[in-house]
Amino acid sequence: MATQTLAMTDALEDKILNHIFRLTASATPGATHLALFTAMAAPEAGTVTEVGAGVGYARQPITFSAPTTNGTARRIASSGTITFGPNTTTNWGTIVGVGIYDLITGGVLLMYCTGLSTPVVVGESVTVQSTTLTVDLD
């Protein structure tokens with residue numbers, strides 16, 4: 001996977017605006033988890049199709065580096081290699097995007113990226129190398 005810049009969902013934008021400007025308390029997630037999507041009808045609104053359960057797939061924990069400067073933006077990047085799979089029983093389909101959730105199952109989709117096209121068949125894994133996913137704020 002080439003380097004991908006993640007976009008915020010409406011849900012995360014609302015959390016930030018409410019927390020900073022309306023002084024509304026917002027709980028910090030205990031951890032964040034990366035998910036793989038096979039369809040993304042409206043990712044900004046959280047309407048996505050995640051790879052199904054029971055086929056060797058589960059969301060994986062994701063961590064990020066401390067902020068650095070990237071031109072005029074501040075950037076964080078994923079740290080550590082993340083591996084999904086191996087796919088055990090049936091083809092997962094084509095991975096068209098990824099997203100970050102605030103829980104390992106269910107939860108709120110916080111960030112996403114589109115534009116991938118990675119078919120995953122039985123026996124294969126999906127690996128996301130360190131620093132592949134970035135978040136820029138300017």
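**View 1. Where is the place of proline 86?** Proline 86 sits in the loop between β8 and β9 (93-95). Strands are DSSP runs of E with at least two residues, helices are runs of H or I with at least four, and both are numbered from the N terminus. The peptide bond leading from glycine 85 into proline 86 is cis, with omega near 15°. For background, most peptide bonds are trans, and most residues other than glycine have a negative phi. A note for every view: this is a predicted model, so local features need pLDDT of at least 70 and side-chain atom pairs count only at pLDDT 80 or more, while totals for chains, interfaces and linings use all residues. Residues are numbered from 1 along each chain as its sequence is written, and side-chain values use heavy atoms, with hydrogens and water left out.

View 2. Look for α1 at residues 10-21, with isoleucine 16 inside it. Its 12 residues should span 16 Å at 1.5 Å a residue, and the end C-alpha atoms agree because they are 16 Å apart (the expected span is 1.5 Å times one less than the number of residues). Ile16, Leu17, Ile20 and Phe21 make a nonpolar surface patch with about 410 Å² of accessible area together. Patch members have over 30% relative accessible area and no salt bridge; nonpolar side chains (Val, Leu, Ile, Met, Phe, Trp, Tyr) are joined within 5 Å, like charges within 9 Å. Areas come from the Shrake-Rupley method with a 1.4 Å probe, and for residues only the protein chains shown count as cover. Isoleucine 16 itself, at 35% relative accessible area, is partly exposed (buried is under 20%, exposed over 50%, partly exposed in between; 1.4 Å probe, protein chains only). Leucine 23 is in the loop between α1 and β3, and its phi is positive, about 55°, although it isn't a glycine. Since its relative accessibility is 73%, leucine 23 counts as exposed.

**View 3. The largest nonpolar core.** This core has 30 residues, and Leu34, Leu36 and Trp92 touch the most other members. Two or more residues each come from β3 (32-42), β8 (82-84), β10 (97-101), β11 (109-113), β13 (126-128) and β14 (133-137). A nonpolar core here is a set of buried Ala, Val, Leu, Ile, Met, Phe, Trp, Tyr and Cys residues joined through side-chain atoms within 4.5 Å. Beyond its neighbours within four places in sequence, leucine 34 is in contact with residues including Arg59, Ile82, Phe84, Val98 and Leu133 (contact means heavy atoms within 4.5 Å).

**View 4. The start of the chain.** Methionine 1 belongs to the segment before β1 and is partly exposed at 40% relative accessible area. Leaving out neighbours within four places in sequence, its contacts are Val98, Leu116, Val128, Thr132 and Leu133. Methionine 1 and leucine 116 are 115 residues apart in sequence, yet their C-alpha atoms are 8.0 Å apart in space. Glutamine 4 is in strand β1 (residues 4-5) and counts as buried because its relative accessibility is 15%. Not counting residues up to four places away, glutamine 4 touches Cys113, Thr114, Leu116, Thr132, Leu133 and Thr134.

**View 5. Two charged pairs.** Side chains of opposite charge can pair when their charged atoms come close. A salt bridge is a side-chain nitrogen of Lys or Arg within 4 Å of a carboxyl oxygen of Asp or Glu, and by this rule there are two. In one, glutamate 50 meets arginine 59, with the closest N and O atoms 2.9 Å apart. Glutamate 50 is partly exposed at 22%, whereas arginine 59 is buried at 8%. Arginine 75 and aspartate 136 form a salt bridge at 2.6 Å, N to O. Arginine 75 is in strand β7 (residues 73-79) and aspartate 136 in β14, so this pair ties together parts 61 residues apart in sequence.

View 6. Threonine 131 is in the loop between β13 and β14, and its phi is positive, near 70°, in a residue other than glycine. At 46% relative accessibility, threonine 131 counts as partly exposed. Proline 67 is in the loop between β5 (60-64) and β6 (68-70), and it is partly exposed at 49% relative accessible area. Not counting residues up to four places away in sequence, proline 67 touches Arg74, Arg75 and Ile76. Proline 67 and glycine 85 are 18 residues apart along the chain, with 30 Å between their C-alpha atoms.
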